[in-house]
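Subject: Structure for you to look at

Hello,

Here is the structure I said I would pass on. My notes on it follow below.

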Amino acid sequence: MADRAIATGSGLGRLRFTMAGVVQGVGFRPFIHRLATELALSGFVGNTTEGVVAEVQGSPAALAQFRRRVNREAPPLAFITSITAQPVPPKPTADTGFQIVASHGRTAMRTLVSPDVATCAACLAELFSPTDRRYRHPFITCTNCGPRFTIIRELPYDRLTTTMADFPMCRLCAREYRDPDDRRFHAQPIACADCGPVLYYEGGGTRVEGVDAALAAAQRALAADLIVAVKGVGGYHLACRADSAVAVARLRERKTRAEKPFALLARDVTVARRLARIDMDEEQVLTGGSRPIVLLRRRPDAPLVDAVAPGNPLIGVMLPYTPVHHLLLAPVPGVDVAPPEILVMTSANVSDEPLCFTDADALTRLPHLADAVLTHDRPIHVPCDDSVVRVVDGRELPIRRSRGYAPLPVRIGRHLTPTLAVGSELKNTSCLIDGANAFCSAHIGDMGSLEALHAFERAVDQLTTIHDTEPEVLAADAHPGYQTRAWAERHGDGPDEPAVELVQHHHAHVVSLLAEHGRIGEPIIGVAFDGTGYGDDGTVWGGEILLLGEDSADYTRAGHLLPVDMTGGDAAVRNPCRTALAHLTAAGLPWDSELGPVRACEHRELVAVRAQLSSRAGTVRCSSMGRLFDAVASLLDVRHRIGYEAQAAIELEALAESGRATAGEDPACGRFTVDADGVLDHRPVIRGIADGMRDGIPPAELAYGFHVAVAMAVAEAAERLAGTTGVRLVGLTGGVFQNVLLARECRRRLEEAGLAVLTHCVVPPNDGGLALGQAVVAALRRTSPPVAAQNESEEFVRQPGPPREPGGRSAQGTTDQQS
């Protein structure tokens, strides 16, 4: 930054500040206006393609104070990633006052877009104040809250480039919009009952208009055990009473979702505490501006029917984040209907289908899912599902990164070739690298249908269009059967088309972890544990220890779980009992009838699986840690068949937690052996579990012992590698590390061995974070030479975090860069 401004004989100086980051649509220009006016500075501020630019003129002391306070006092939703200042010639002294000027440019944007943000406390106070002109207005918003990402059609972020363009402001809203001293100054979604979107209810063949009448109709429908579709900021939800067995059963039938837990919407933290045990860190995330679904420890007396989250000790809870949510859960004046305090709130789609977000789509899909709909006429331009997180040791562990977080970029620490990564087949997201920023899309879902492919294509188009970036490289998973790889190959490697780079699945996982911490190019021992990933040898990988050197675009497979012949492909995934039979065979154990997986299979199934394993016909070699967890879950009689991904592993973790208190220091199931080639041999553990079940050792102690045994094996393999290579950094990634017990045990043992540990806190460890790693690997291969990102600020360059409440810190807090 400039040490001093060019000064005139009168002692006045003038500086041109360029501020990048989340600085548009968050009240940044009025903040600059108020600050400059307070300091008696003249000049102007406006939006440009680079972010926000301000020219300020005044005394050197006032300019220095301005520079310090911009950092310290920025609006709550702003996140400044860089500030530059250049001295410019001062204007004549007659140039007084400070102005906000019109936005400039409709081309390549280097500013960042704010995520959608939960209704702030100031707007909530007005929403329920009978004397306020926005009393019970379901679209109340200001510069500190409301929809952002989901209503933006293009940048810069102005009302005419959002879906609010069709709602002309009334006289009073226009006056607030133009008043620099008003909280709604240049709040692009500003509206009131006279000029804003309209809320209405449709059900039983009738349409109910008027805010309170529509809300009362929705509350009556919910009280009658009906399913009501509710239009949110990023798509439609299906809502029903969480204490009604009839309503929840009907919802499961219509969504064809037999067992996977439903998310819950609680009126406030007090109500949420009746559902789950909530610590201070979890409460901070629950109440923060992002308002994700937080996975919490369920109370045994929670006022829920078991079918909300059958057999699961965790429940996903979120708090209201739109005015419509707040109004739906509050009494309607003059109406004798008790409002709900807790609702099931799940996406309005059949399982495995994309999110329903357009009104046209709703007309086709919702009649088969909902009995009624509470909706409005403000279009959603970008679909955005709810985010899901766990809070581990005071930090967020993302499970699904979407609303409230997307489209904030990951600062990757290097300027790389423009690259688009198409992600994985499950939990799909895409990722666009533009300079030193990696923009991850909102959650798209599983690529199992034509509708999902269309949703993916919309997300890719939105990413590239809004950032006006033409990728030079397309990155895809190496799996030959993935739709995403096929899409990349159809759109690349031709004349005037991007080059296609295939990236090994677990390599991408490890690099995504490095990238989110800004440590690309740092040697690391990457422990990548998941369910399925296509290996370089054509087999199924998933229990991998990879060694990466200073070139993160390359890796060595330095260790792995002992492979086992697996039968039936996807059938093995859905039936942990079959996976357990394969592991029993690999361990040389007979299929005794007292063992759980043997009892769980019919005779014909046992015969078929035995024949496959004997002949190896229709089998595939598999080193997956995820499948090992499934096998152990079946051996311990936890789960033999699953209704949703990772169900057996989730229930095994819960059982292990219950056995922690009574388990001894040495694993009750025995230990893995780790050979000189880094192969983790699980057969002694499988034998120990089978023997333990016969000997009457409590399954909970065996489950806990299994987690400890895995952590011991990880620490032994990593410590041995560190000793031979000198690499002291270990990364834990892949979907298996959503298991908090395992992650903690691994971290503790690795740190006791003197090793540094990286875990995820920005993108998910599961396949939802895979596209980031794909993009970085592919870009590194095409960027020559890779150079460090230019530090555009002598003040700071930071990783953008989730929104924070006015006066509070970000829900995510600091990143894990010091781990």
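Buried here means under 20% relative accessible area. The model is a predicted one, and Phe 737, with a relative accessible area of 3%, falls below that cut-off and is therefore buried. Phe 529 is buried as well, at 0% relative accessibility.

Aromatic pairs

The model has five aromatic pairs. In one of them, Phe 529 and Phe 737 are stacked, with 5.5 Å from centre to centre and 15° between the planes. Phe 529 belongs to strand 23 (residues 524–534), while Phe 737 is in the loop between strand 30 (729–733) and helix 22 (740–752), so this pair ties together parts 208 residues apart in sequence.

Phe 629 and Phe 706 make an edge-to-face pair, 4.8 Å centre to centre with 70° between the planes. Here helix 18 (residues 625–635) supplies Phe 629 and helix 21 (residues 699–725) supplies Phe 706, so parts that are 77 residues apart in sequence are tied together. Both Phe 629 and Phe 706 are buried.

Nonpolar cores

Which residues have the most contacts inside the largest nonpolar core? They are Ile 525, Phe 629, Phe 672, Phe 706, Val 710 and Leu 750, in a core of 75 residues. Helix 21 gives the largest share of this core, 16 residues. Beyond its neighbours within four places in sequence, Phe 706 contacts Leu 628, Phe 629, Val 632, Leu 652, Cys 669, Phe 672, Val 685 and Ile 689. Another core, of 50 residues, lies apart from the largest one; Leu 15, Leu 35, Ala 455 and Phe 456 are among its members. As background, nonpolar side chains in soluble globular proteins tend to be buried together.

Charged residues

Two arginines sit over aromatic rings. The charged end of Arg 252 is over the ring of Phe 262, 4.2 Å from its centre. Arg 557 lies over the face of Trp 541, at 3.8 Å from the ring centre.

Leaving out neighbours within four places in sequence, Glu 653 is in contact with Arg 390, His 707, Asn 739, Val 740 and Leu 741. Pro 313 is 340 residues away from Glu 653 along the chain, and the C-alpha atoms of the two are separated by 9.7 Å.

Regards

Conventions: Residues are numbered from 1 along each chain as its sequence is written. This is a predicted model: local features need pLDDT of at least 70, side-chain atom pairs count only at pLDDT 80 or more; totals for chains, interfaces and linings use all residues. Side-chain values use heavy atoms; hydrogens and water are left out. Rings of Phe, Tyr and Trp (its six-membered ring) pair if their centres lie within 6.5 Å; planes under 30 degrees apart count as stacked, over 60 as edge-to-face and the rest as tilted. Helices (H or I, at least four residues) and strands (E, at least two) are DSSP runs, numbered from the N terminus. Buried means under 20% relative accessible area, exposed over 50%, partly exposed in between (1.4 Å probe, protein chains only). A charge sits over a ring if NZ of Lys or CZ of Arg is within 6 Å of the ring centre and within 35 degrees of the ring normal. Contact means heavy atoms within 4.5 Å. A nonpolar core is a set of buried Ala, Val, Leu, Ile, Met, Phe, Trp, Tyr and Cys residues joined through side-chain atoms within 4.5 Å.
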